[in-house]
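Welcome! Let's take a short tour of this structure together, one region at a time.

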Amino acid sequence: MMQKYLETKEEYKDCILFYRLGDFYEMFFDDALTASKALDITLTGKDCGLEERAPMCGVPYHAVDLYLNKLVRQGYKVAIAEQVEDPKLAKGLVKREVVRVVTPGTILSAQALDESKNNYLMCIVYLGRTFGIAVTDATTGDFVLTEVESMQTLLDEIFRFSPSEIVCNDAFFVSGVDLEPLKNKLQFAVSALDNWYFDDSLCRKTILEHFHVNSFSGLGIDDYQTGSVAAGALLQYLLETQKNQMAHITTLKPYTTGKYMILDTSTRRNLELVESLREKQKRGTLLWVLDKTKTAMGARLLRSWVEQPLIERSAILRRQDAVEQLFGNYIGREELREYLNPIYDLERLIGRISYQSANPRDLIAFKNSLSMLPPIRGVLEEFDAPLLKELLEQVDPLEDLFDLIDRAIEEDPPVSVREGGMIKEGFNEEADKLRRSKTEGKQWISELEARERERTGIKNLRIKYNKVFGYYLEVTNSFRDQVPEDYTRKQTLTNAERYITPELKELEDLILGAEDKLYALEYDLFCQVRDAIGAQVVRIQETARAVAQLDVLASLASVAQRNQYVRPAVNEKGIVDIKAGRHPVVELMIPEELFVSNDVYLDHHQNRLSVITGPNMAGKSTYMRQVALIVLMAQLGSFVPAASANIGICDRIFTRVGASDDLASGQSTFMVEMTEVANILRNATRNSLVILDEIGRGTSTFDGLSIAWAVIEHISDTRILGAKTLFATHYHELTELEGSLPGVNNYCIAVKEQGDNIVFLRKIIKGGADKSYGIQVAKLAGVPDPVILRAKELLAELIDADISLKARELAQSQGTGSGRKQRISRPDEVDCNQLTLFDAVREDDIIKEITDLELGNMTPIDALNMLYRLQSRLKNRIDLQGK
């Protein structure tokens with residue numbers, strides 16, 4: 001046995017080998033040392049003809065999934081060697097073979113997988129200047145491929161799919177792509193495959209044979225030479241490790257990264273699309289808000305929609321039309337959601353059926369799911385939106401499969417396929433005969449027990465059964481003297497004796513033979529039913545995908561109605577016009593009625609870049625994120641939180657929000673910030689939406705201000721970029737760019753002062769803030785009063801010093817000669833044609849602004865904000881004159 005073990009281990013050197021011995025999977029030598037530590041199980045030894053005992057450990061077969069999951073989560077591969085013949089029938093050593101290799105990307109255990117997330121396996125091939133990418137979910141059969149040329153796009157694709165395992169060719173490891181940062185964040189396993197996997201002719205042959213086509217044209221992948229190598233290698237890897245034909249992988253779809261909005265790693269993280277920044281949880285994310293799906297398939301599809309917003313207007317409108325009809329028909333929608341609720345995970349079930357690991361209870365769950373399809377079709381017939389009509393055609397009621405399972409499988413079957421009791425009476429004549437023999441045999445045993453009790457006079461005589469001795473008569477010691485001579489003693493216990501008779505032995509052979517035959521026949525019949533379902537994999541998958549889409553659309557409609565969302569208009573002119581927009585997540589996490597809505601208007605002309613000023617905690621970041629999220633929601637086909645919205649399609653959303661560092665790779669906060677800014681400036685286009693928060697704050701004031709100033713100039717220049725941008729800053733000097741740079745406009749967060757205290761009004765208004773209110777914010781945060789008082793003193797001194805310095809500089813610049821007396825102008829008297837970082841308030845400007853006000857068109861809050869702003873500007877002027 002150990003020789004056979006070592007031969008098998010030689011074939012699977014990179015795996016931990018689970019070797020089936022009876023009721024245990026055993027591991028030996030180095031595998032045992034590794035597994036005992038990783039699984040925290042006892043290490044023992046076994047004599048195997050060597051000088052020292054071989055290290056050994058094992059796990060029980062009935063709990064193997066638990067231990068498999070632990071090893072795979074730690075990045076190990078596990079080869080499972082099963083007994084492939086019945087030990088009772090084996091001559092000599094029981095034959096064992098590796099039936100499957102379990103890796104992070106091929107694990108099937110329901111306990112190890114999140115039903116709301118795909119478990120992707122990715123293959124990356126580097127050939128020259130192109131990266132070929134193929135991605136599959138072995139549990140659902142999804143299989144796609146693409147090609148990219150830049151390393152950054154490759155990293156974005158890895159982050160988008162978040163695979164649990166990546167396989168690649170050797171050339172990829174020397175291509176210069178650094179996967180370590182992503183590997184640490186996403187926790188995936190990476191390994192290189194042997195070169196033969198990537199042989200072009202083998203990859204081509206593997207793909208054509210698997211999908212039963214004569215050329216790549218039939219699959220639409222003619223133009224993906226490198227991508228098809230990745231797909232062929234990935235398919236070959238699956239066939240080698242799973243020892244299975246992977247019949248549930250029925251399609252291979254090419255896609256281009258230009259088909260969807262591109263969201264880089266930073267944007268996905270900052271917008272908290274599927275995972276919160278701090279807790280790394282679903283709660284507090286956009287997905288948490290939108291996900292009211294009823295099925296696991298729908299939950300996975302919605303996640304992919306959130307991570308892949310559309311950029312084609314017609315596709316967006318198709319989804320919107322469907323959501324709008326479901327939104328408007330409350331009764332029909334809720335009836336649909338009621339029918340969706342009991343539907344099982346059909347995609348992963350058909351995967352288990354293809355792997356031949358589905359049990360009888362899986363088939364009953366499948367049947368119960370199918371029973372919901374006819375009523376779903378009935379409700380769908382009420383709708384006429386093109387997408388919903390298309391889904392109606394795709395939902396196959398699968399009545400033949402429902403009827404097959406209904407006739408064949410018991411309603412409450414056992415989990416095991418080897419214990420019988422799973423095939424209904426009437427499905428198979430031979431099984432019915434064996435079942436009757438088994439039932440009548442038990443009656444014969446009962447009758448024999450009664451006769452023997454009467455014949456012997458032993459009142460407590462019992463006929464019992466166990467797996468070791470079979471059937472036997474048990475007599476307690478108090479009646480031992482009454483045992484007849486034709487009883488043959490089988491076993492002696494402390495309080496009783498066990499016997500057998502020729503008649504009982506004959507009955508035993510009849511009953512146990514029938515039971516064994518029945519169990520074997522039921523297993524064969526179950527496999528036939530399972531295979532019959534597996535043969536319809538294409539129909540089932542098409543129906544499952546349609547049900548998933550319907551679930552997502554109904555979820556979006558339900559969320560829209562519950563949260564009072566509106567359907568956004570979608571344009572291709574680059575206009576983003578949102579009235580009374582709200583942050584979809586924040587509004588649900590604060591008490592009702594407290595969230596303050598805000599407008600935004602961006603276009604390619606006079607409203608390209610908004611400079612947003614205001615104190616910390618006032619809501620600048622929330623406002624900018626809500627704009628990005630509303631655009632993203634509109635492009636995935638959802639309604640949006642606003643009074644109205646007209647969304648210009650964006651090809652990308654970029655965000656640089658919040659302070660973060662990457663100490664593990666030696667990068668400071670400022671370095672990370674500049675790296676992200678560089679990525680934005682190099683990759684953004686005219687049709688991108690850019691969100692920049694506090695650029696330059698990680699370095700000295702003048703350095704930071706200079707960088708922020710230059711970034712605004714670069715982005716606002718239509719000859720260079722001209723992207724729609726929201727730019728939040730504490731550098732009030734940047735507000736001077738309005739009027740100097742075309743397309744730049746100032747906005748600020750309204751603040752109400754109450755003595756030394758402030759109240760955040762959370763309202764975005766036109767104009768720039770003239771104070772940072774840092775000391776007031778520090779007071780709100782609970783900084784001790786002595787520190788607050790000292791900070792006020794220092795602030796006054798710094799302001800005085802700053803004004804004195806500016807006055808001296810201005811005096812020097814206004815000198816008219818050595819014989820004339822120089823006059824020092826006050827800052828508010830200076831008139832410079834060149835844009836400067838300092839410009840005081842002019843009284844006549846304020847008078848003109850008051851004169852131009854249209855009071856009849858102003859709301860009370862607008863009037864309050866305007867009055868507050870004018871008062872602040874006058875106070876500043878009076879202070880400057882006094883100094």
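## Strands side by side

In which sense do strand β19 and strand β20 pair, and over how many bridges? Keep in mind as you look that this is a predicted model. Strand β19, covering residues 576-581, pairs with strand β20, residues 598-602, in the antiparallel sense, and four bridges join them. One place to look is G581, which stands opposite N598 in β20.

Strand β19 has another partner to find: it pairs with strand β22 (residues 644-648), again in the antiparallel sense and over four bridges. Here you can look for V576, whose bridge partner in β22 is I647.

## The nonpolar cores

Now turn to the inside. The largest nonpolar core holds 106 residues, and L290 and L388 have the most contacts inside it. Helix α21, which spans residues 537-563, gives the most to this core, contributing 14 residues.

Leaving out residues up to four places away in sequence, L290 touches L302, V306, S555, L556, V559, M633, L636 and S638. There is also a second, separate core of 32 residues; L219, I221, A231 and A233 are among them.

## A buried glutamate

Our last stop is E522, which you will find in helix α20, residues 502-534. Is E522 buried or exposed? E522 counts as buried because its relative accessibility is 1%, and buried means under 20%.

What is E522 in contact with, once its neighbours within four places in sequence are left aside? The contacts of E522 are G420, G421, M422, I423 and R435.

Conventions: Residues numbered from 1 in each chain as written. Predicted model: local features only at pLDDT ≥ 70, side-chain atom pairs only at ≥ 80, totals over all residues. Heavy atoms only, no water. Core = buried A, V, L, I, M, F, W, Y, C linked by side-chain atoms within 4.5 Å. Buried < 20%, exposed > 50% of the residue type's maximum accessible area, 1.4 Å probe, protein only. Helix = DSSP H or I, 4+ residues; strand = E, 2+ residues; numbered from the N terminus. Contact = heavy atoms within 4.5 Å. Pairing = 2+ DSSP bridges.
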